Every structure is written in structure tokens, then in C-alpha cells.
Amino acid sequence: EINLLPIYILTLLNVVFSYFLAYRRSLLEADQKAYVNSINYTFFNFLGSILRIVALLIFKDYVLTLVITFVLTIISNIVIYFKTNSLYSFLKIKTASKITKDKTIELLKRMGASIMHKIGNIVVTSTDNIIISAFIGVTVVGYYSNYSMMTGIIYSMFSLIFTSITANVGNMKLNASDEKSLEIFNRLFFLNFYFYFVSCTC
């Protein structure tokens with residue numbers, strides 16, 4: 001009998017710790033240094049894949065693969081921590097000032113909106129298999145999973161392109177007029193839609 005408790009705990013810890021120092025990754029994105037995050041993610045993902053394969057072949061222990069993933073997540077965050085410290089010296093400055101009430105309210109509103117967006121994304125993208133298996137059957141889920149895998153690969157490719165220009169659009173909002181910013185945003189949105197539509201229908 002498989003003990004699911006350690007599997008659940010390790011998976012949960014990995015998800016929780018992946019959010020630690022997320023603000024530093026966001027800082028890199030805002031400063032148009034997303035390549036630092038990309039290099040970090042690619043390296044540790046590649047290293048983790050190799051170690052997990054070796055662990056499965058030699059020890060045949062799935063829990064060990066989760067431990068490897070969890071440890072690499074922590075190390076990845078530590079690397080980002082020291083990298084951002086070297087790039088942005090102001091992060092080392094300790095301040096004792098308190099956030100104003102207005103800023104706190106605005107921050108809570110934005111956090112609430114972000115949480116609802118995440119929940120909505122999970123509901124939309126993570127319930128397909130459950131609904132299909134309940135109403136149509138498990139066989140169709142297998143076909144759909146293959147299709148999802150292909151579209152997921154295409155999504156990853158285009159995501160690298162559009163994610164890399166996100167910070168540029170944000171900076172343009174500060175430096176250009178609202179009309180110009182909206183025009184560029186609409187063009188990018190149309191290109192995004194066009195690429196995904198053509199890719200998924202072909």
C-alpha cells in the first residue's frame with residue numbers, strides 16, 4: 001500500500017517554497033532581466049530531470065524524486081536571492097518605515113484580484129480531465145491529454161516570446177501616451193490570439 005502522506009507533504013512544500021522570493025523574480029522581470037529567471041529555471045529544471053531519472057533507475061523511489069525537486073527549488077531560490085543582491089544593492093538596505101493605510105488597502109485589493117485570477121485559471125485549465133472523464137469516458141481523456149501536450153509545447157514556445165516583452169509594454173505605459181500604449185497592447189494581443197488560434201486549429 002502506497003503512503004500518500006509524504007508525497008502530499010513534499011508536493012505541498014515544493015509549491016509553497018516556490019513562492020518564496022517571488023518578489024525578487026518579479027523585480028528581474030520588471031527590470032527587463034527575465035533572462036536571469038529563464039537561465040535559472042532552465043538549468044535547475046534540466047539538472048532536476050537528470051537527477052530524478054537517475055533516482056528512479058537506481059533506487060526506484062518516487063518519494064526521492066520529490067525530495068530532489070524540493071531541494072532544487074530551495075537552491076534555485078537561494079541563487080536568485082544572491083543574484084538580485086548583486087544586481088540591486090538597495091535590497092540590502094533595511095528600512096523601518098511602515099506602509100500607509102492607503103497603500104495597505106491598495107495592496108490588499110491587488111492581492112485579492114491576483115488570488116481570484118489564480119483560482120479562475122486553475123478552474124478553467126485544471127478541470128478538463130475530470131469533466132471529460134465524468135461525462136464522456138476515460139478513453140477520450142487519453143486522446144485529449146495528447147492534444148493538450150502538443151498545445152502545451154506550442155504555448156511554451158510563444159510564451160517565451162510574449163513574456164520577454166511584458167516589461168517593455170509596462171515601461172512604455174510610463175513613457176508613452178495612453179493611446180499609443182493601448183495601440184501597441186491591442187496589436188500584441190491580436191498577434192497572441194492569431195498565433196494560438198492558428199497553432200491549435202492546425
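Tutor: In this predicted model, helix H2 covers residues 22-30 and helix H3 covers residues 34-58. The two pack at an angle of about 130°. Their axes lie 6 Å apart.

H2 brings Arg25, Leu28 and Glu29. H3 meets them with Ala34, Val36, Asn37 and Asn40. By type, the contact of H2 with H3 holds three nonpolar, two polar and two charged residues.

Next, the rings. Across the whole structure, a search finds seven aromatic pairs. One of them joins tyrosine 81 and phenylalanine 82. Their centres are 5.4 Å apart, with 85° between the planes. That pair is edge-to-face, because planes over 60 degrees apart count that way. Tyrosine 81 is partly exposed, at 31% relative accessible area. Phenylalanine 82 counts as exposed, at 54%.

Tyrosine 88 and phenylalanine 90 form another aromatic pair. Here the distance is 5.9 Å centre to centre, and the planes are 50° apart. This pair is tilted. Tyrosine 88 has 8% relative accessibility and counts as buried, because the cut-off for buried is under 20%. Phenylalanine 90 has 47% and counts as partly exposed.

There is also an aromatic cluster, formed by Phe17, Phe20 and Phe70.

Notes
Residues are numbered from 1 along each chain as its sequence is written. This is a predicted model: local features need pLDDT of at least 70, side-chain atom pairs count only at pLDDT 80 or more; totals for chains, interfaces and linings use all residues. Side-chain values use heavy atoms; hydrogens and water are left out. Axes are lines fitted to C-alpha atoms, for helices over the stretch in contact, and angles run from 0 to 180 degrees between N-to-C directions. Helices (H or I, at least four residues) and strands (E, at least two) are DSSP runs, numbered from the N terminus. Contact means heavy atoms within 4.5 Å. Ala, Val, Leu, Ile, Met, Phe, Trp, Tyr, Cys and Pro count as nonpolar, Asp, Glu, Lys and Arg as charged, and the others, Gly among them, as polar. Rings of Phe, Tyr and Trp (its six-membered ring) pair if their centres lie within 6.5 Å; planes under 30 degrees apart count as stacked, over 60 as edge-to-face and the rest as tilted. Buried means under 20% relative accessible area, exposed over 50%, partly exposed in between (1.4 Å probe, protein chains only).
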